Amino acid sequence: MDLASKLFKGDRVIWIIFMFLCLISVVEVFSATSTIAYKNANHWAPIVRHATFLLEGFVMVLLLHNIPCRFFSAFIILLPVSMLMLIVTPFIGVDANDAHRWLEIMGIQFQPSEFGKLACVVFVAFLLSKRGKLTENQIFKYI
């Protein structure tokens with residue numbers, strides 16, 4: 001019980017809801033991919049793929065949850081990085097469905113707009129954490 005209380009700090013109800021939603025997503029993916037799985041030789045491939053993504057995401061949540069919040073301001077670097085990725089995507093992006101919306105780095109394809117979304121959330125959270133030092137008008141202008 002000591003290890004569980006160290007890993008799952010915070011509100012237990014939120015953790016239970018998070019795990020319940022993860023379990024529901026497995027059922028939903030299984031239901032949505034049933035026709036695709038029926039046509040393929042491996043019926044379990046979509047479920048195993050989704051479960052792998054869930055496990056990776058769960059580990060990421062645990063890691064981020066155990067980082068002290070004073071270190072989160074370092075994630076502000078995501079904003080210029082995501083802006084750079086969004087600028088270069090039309091020129092060096094991977095062609096998928098007749099559009100260059102994907103980047104490939106080290107064999108992993110991703111959409112830079114997802115990093116842009118995360119960068120916007122981190123930037124707004126960073127500005128809101130500075131409410132004592134900046135006025136509300138200054139924060140509004142930066143946002």
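Trainee: What makes Ala41 count as exposed?

Mentor: Ala41 has a relative accessible area of 81%. Buried means under 20% relative accessible area, exposed over 50%, and partly exposed in between, with a 1.4 Å probe and protein chains only. Ala41 is therefore called exposed. Its place is in the loop between helix 3 (34–39) and helix 4 (45–65). Helices (H or I, at least four residues) and strands (E, at least two) are DSSP runs, numbered from the N terminus.

Trainee: On what kind of model does this rest?

Mentor: This is a predicted model, in which local features need pLDDT of at least 70, side-chain atom pairs count only at pLDDT 80 or more, and totals for chains, interfaces and linings use all residues. Residues are numbered from 1 along each chain as its sequence is written, and side-chain values use heavy atoms, with hydrogens and water left out.

Trainee: Why is Ser82 called buried?

Mentor: Ser82 has a relative accessible area of 2%, so the term buried applies. Ser82 is found in helix 5 (residues 78–92). Not counting residues up to four places away in sequence, Ser82 touches Phe115, Gly116 and Ala119; contact means heavy atoms within 4.5 Å.

Trainee: How do you know that helix 2 and helix 4 are roughly antiparallel?

Mentor: The axes of helix 2 (residues 12–32) and helix 4 cross at roughly 165 degrees and come within 9 Å. Axes are lines fitted to C-alpha atoms, for helices over the stretch in contact, and angles run from 0 to 180 degrees between N-to-C directions. Angles under 35 degrees count as roughly parallel, over 145 as roughly antiparallel, 65 to 115 as roughly perpendicular and the rest as oblique. The two helices are therefore roughly antiparallel to each other.

Trainee: What residues make up the contact of helix 2 with helix 4?

Mentor: They divide into 13 nonpolar, three polar and no charged. Ala, Val, Leu, Ile, Met, Phe, Trp, Tyr, Cys and Pro count as nonpolar, Asp, Glu, Lys and Arg as charged, and the others, Gly among them, as polar. In helix 2 the residues include Trp15 and Phe18, and in helix 4 they include Ile47 and Leu54.

Trainee: What makes strand 1 (94–96) and strand 3 (108–110) the edge strands of the sheet?

Mentor: The open sheet of three strands has the order 1-2-3, with antiparallel pairing. Strand 1 and strand 3 each pair on one side only. Two strands pair if DSSP finds at least two bridges between them; three bridges join strand 2 (residues 99–105) to strand 3.
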